[in-house]
Amino acid sequence: MSKKITIFIVIFMAIMLQVSFLPNILPSGVFPDVALIIVIFWAARSGFNATWPWAILGGLMLDFIYFWPIGTNVFSFVAIVFGASYLAKRFLVADNLSRFFIMVALVISGTVLNESLTSILMKSALGETVNFQTLFFNTDLLLKIIYNLLIFMAIYVPLLKLEKFIAALNLRLKMAR
């Protein structure tokens with residue numbers, strides 16, 4: 001139970017950081033997807049079965065906060081978590097340095113996929129046509145990738161420590177029973 005509460009608090013704080021703090025300090029109007037980065041990290045480390053409920057929760061929270069149609073971020077997050085966990089099972093068998101660079105590649109591809117899916121879903125919900133040239137080839141996407149990579153590099157080690165803390169907490173709870 002405490003693991004679930006800890007993960008909920010981490011996702012909630014990441015979303016609050018993403019929607020309230022980062023837009024105020026970044027000048028471009030493009031800000032990183034902190035919640036997406038965290039669920040990609042957990043999907044790569046824990047697998048799809050352990051992460052999909054947290055992807056749904058994070059997506060729902062973002063849909064409510066952004067006032068987007070319900071399911072826009074949920075669909076995007078679950079698809080990205082599925083892909084990240086699938087690719088992680090295939091490629092994350094190497095040492096720590098290779099593992100970090102594979103995680104970087106997962107963050108880049110997850111950023112592009114999230115931006116594409118949410119843009120397509122939002123435009124289709126509004127009845128607009130999607131221009132795929134501006135969807136993939138724009139400076140906002142490049143800035144978002146750069147910001148997401150910077151945030152990922154900043155939170156990679158704390159997320160590893162949080163994972164160890166949660167594992168130790170679960171071990172203590174099992175011993176107490």
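**Exercise 1.** Is Lys144 buried or exposed?

*Solution.* This is a predicted model, in which local features need pLDDT of at least 70, side-chain atom pairs count only at pLDDT 80 or more, and totals for chains, interfaces and linings use all residues. Residues are numbered from 1 along each chain as its sequence is written, and side-chain values use heavy atoms, with hydrogens and water left out. Buried denotes under 20% relative accessible area, exposed over 50%, and partly exposed the range in between (1.4 Å probe, protein chains only). Lys144 has 10% relative accessibility and therefore counts as buried.

**Exercise 2.** Determine which salt bridges involve Lys144, and where the partners lie.

*Solution.* Step 1: a salt bridge requires a side-chain nitrogen of Lys or Arg within 4 Å of a carboxyl oxygen of Asp or Glu.

Step 2: Asp33 pairs with Lys144 in this way, with the closest N and O atoms 3.3 Å apart. Asp33 lies in the loop between helix 1 (2–25) and helix 2 (34–46), and Lys144 in helix 7 (residues 139–176), so the pair ties together parts 111 residues apart in sequence. Helices are DSSP runs (H or I, at least four residues), numbered from the N terminus.

Step 3: Glu115 also forms a salt bridge with Lys144, at 3.5 Å between the closest N and O atoms. Glu115 belongs to helix 5 (residues 96–126), 29 residues apart from Lys144. Glu115 is partly exposed because its relative accessible area is 27%.

Step 4: shared partners join Asp33, Glu115 and Lys144 into one network.

Technical notes
Helix = DSSP H or I, 4+ residues; strand = E, 2+ residues; numbered from the N terminus.
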